[in-house]
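The following paragraphs lead the reader through a protein structure, from backbone geometry to sheet architecture and on to side-chain interactions. Please keep the sequence and the model in view while reading.

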Amino acid sequence: KNGVVRRGERRMDLKAALARRAGKKKKKQVFVDGKRAVSTTTIRLRSMEKEGVMERFTEHILEDGTTRRIPLGIAEKPEYVKEQEEGIYALKLMQWDSSEKRWSEERRIDRKASETLESLRFVTYNVWFSERNQDIRAKTLLNIITKVSPHIICLQEVTPVFLKHLKAHDSIRSSFYISDATGTTLRGKELQYGVVMCVHKVLCLQSWALYVVPSLMNRRPLVARIILEGGEQLSVATAHLESMEHVHTRIEQLNFIFKQLQSGIDTVKGKSNPVLKDGNEGHHHAFLLGDCNFDADANALESRAIPSGYKDAWLVTHADKKKQEESFTVLDLKQRIDQVRFCSSRYMPVRMERIGTDPIPGVKIEGITDEKSRAQGHTADEFERPSDHFGLYVQFDRRINI
């Protein structure tokens, strides 16, 4: 009366409103084969009859616990399925979560470009998949790598044991994204190994992916895309090219890798971002680091697969030195098979050196014959080294005019 609502009337109005809301939310019950469905969802599954086809279904979970699926037709393939069919395996940006005490995916929606660094530091290292003294070798090698404070670490022949040490290292946990935190990218039946990359968090890592290339040894290159301020982009590839006499396979692999680097097309995100224009133009930068399995100083056929715009960082930084012992990257093998190639309009290598050349103090090679020792790249009764390869450290400085 006179616009005044009594307490009891408010209570009645509230009950009526709640009743109306409950009535609206009440769902119509669904029955399938005479049984009530307690849950109904739409799902996508690979077709059992048609290869490479996804199908949509309405899935009902019935009150007796059984399931019924009603086909809805062909479904559009998820983006990751399309990429995998093209031989592209996008990887997550894994970082250490100190609160959860585990590696987890970073889910930043807006990744701002990195500040342009005046120096970029890289390490590439074949860490050797041998089980011999593997734990102490891995710990020593990781200390050697982190001591030089790299921005990007490229590793080859990473095994599950080495990956365990990599993920547990304090510097890696605190400062780096890692391309594989579970070992799912390591391949092989009897011996699992692969390539792994670590990128420092000061860099804006946009994406990275493994690519399927011709290989009899499960070799797959890994390419990372990093964005700098001003629209500049770093494309960094690491690879363990086919071993032994497979020259033409290595050439095919190199052709694929350089096509990825020079195009600069981020096929993982589906965006076309030209990285390099006619070699060195465009203020974008491409790098290949890894175990190339051919001697860079031997005028090998594989060298002809390297585009003319790409320079050999070792030759740039050691232009005054001829081929000598200090350039070899494999123990007791007079070859420079671990290499760094680059094409950049702004960055030039100013320092490059081998790392991991010293034996591990107190760790001696025992229980193997001279013949086996020589086959593994060591002489008998020698102290163990971190790997049968030497690592390479290279520093690139930014120059205005190159």
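E157 has its place in strand β9. In this predicted model, the phi angle of E157 is near 60 degrees, a positive value in a residue other than glycine. Most residues other than glycine have a negative phi. With a relative accessible area of 8%, E157 is buried. A second residue with a positive phi is S149, at a value near 55 degrees, and S149 is likewise not a glycine. S149 belongs to the loop between α3 (134-147) and β9 (152-158). Its relative accessibility of 41% makes S149 partly exposed, whereas E157 is buried.

Attention may now turn to the sheet. An open sheet is formed by 7 strands, arranged in the order β5-β12-β13-β14-β17-β19-β18, with mixed pairing. At its edges stand β5 (88-90) and β18, each of which pairs on one side only. Within the sheet, strand β14 (residues 233-240) and strand β17 (residues 285-291) run parallel and are joined by 7 bridges. S235, for instance, has A286 in β17 as its bridge partner. Helix α6 (residues 247-263) packs on this sheet, where α6 touches β12 (204-211), β13 (222-227), β14 and β17. The direction of α6 makes about 150 degrees with that of β17.

α6 comprises 17 residues and reaches 24 Å from its first C-alpha to its last, close to the 24 Å expected at 1.5 Å a residue. Its buried residues are T249, R250, I251, Q253, L254, I257, F258, Q260 and L261.

Is Q339 buried or exposed? At 1% relative accessibility, Q339 counts as buried, because the limit for that class is under 20% relative accessible area. The C-alpha atoms of Q339 and L288 are separated by 7.9 Å, although the two residues are 51 residues apart along the chain. Leaving aside residues up to four places away in sequence, Q339 touches T124, L288, L289, G290, C292, F294, D295, A296 and L392. Two polar contacts of the Q339 side chain may be described. The side chain of Q339 reaches the backbone oxygen of F294 at 2.9 Å. A polar contact of 2.9 Å also joins the side chains of Q339 and R341.

R341 leads on to the charged pairs. R341 forms a salt bridge with D312, in which the closest N and O atoms are 3.8 Å apart. This pair links distant parts of the chain, with R341 in strand β19 and D312 in strand β18, 29 residues apart. R341 counts as buried at 9% relative accessibility, and D312 is buried with a relative accessible area of 7%. Salt bridges that share partners join D297, D312, R336 and R341 into one network.

D312 lies in strand β18 (residues 311-312) and R336 in the loop between α7 and β19, so the pair ties together parts that are 24 residues apart in sequence. Both D312 and R336 are buried.

The loop between α7 (313-317) and β19 (338-344) also contains H318. H318 is buried, with a relative accessible area of 12%. A polar atom of the H318 side chain lies 3.4 Å from the backbone oxygen of M352.

The structure holds 11 salt bridges, among them one between R36 and E63, whose closest N and O atoms are 3.7 Å apart. Which parts of the chain does the pair of R36 and E63 tie together? R36 lies in strand β2 (residues 35-46), while E63 is in the loop between β3 (54-62) and β4 (67-75), so the pair ties together parts that are 27 residues apart in sequence. R36 is partly exposed at 30% relative accessibility, and E63 is partly exposed with a relative accessible area of 48%. By contrast, D312 and R336 are buried.

Notes:
Residues are numbered from 1 along each chain as its sequence is written. This is a predicted model: local features need pLDDT of at least 70, side-chain atom pairs count only at pLDDT 80 or more; totals for chains, interfaces and linings use all residues. Side-chain values use heavy atoms; hydrogens and water are left out. Helices (H or I, at least four residues) and strands (E, at least two) are DSSP runs, numbered from the N terminus. Buried means under 20% relative accessible area, exposed over 50%, partly exposed in between (1.4 Å probe, protein chains only). A polar contact is a pair of N or O atoms within 3.5 Å; within protein, one must be able to donate a hydrogen and the other to accept it, and residues adjacent in sequence count only if both atoms are side-chain atoms. A salt bridge is a side-chain nitrogen of Lys or Arg within 4 Å of a carboxyl oxygen of Asp or Glu. Two strands pair if DSSP finds at least two bridges between them. Contact means heavy atoms within 4.5 Å. Axes are lines fitted to C-alpha atoms, for helices over the stretch in contact, and angles run from 0 to 180 degrees between N-to-C directions. The expected span of a helix is 1.5 Å times one less than its number of residues.
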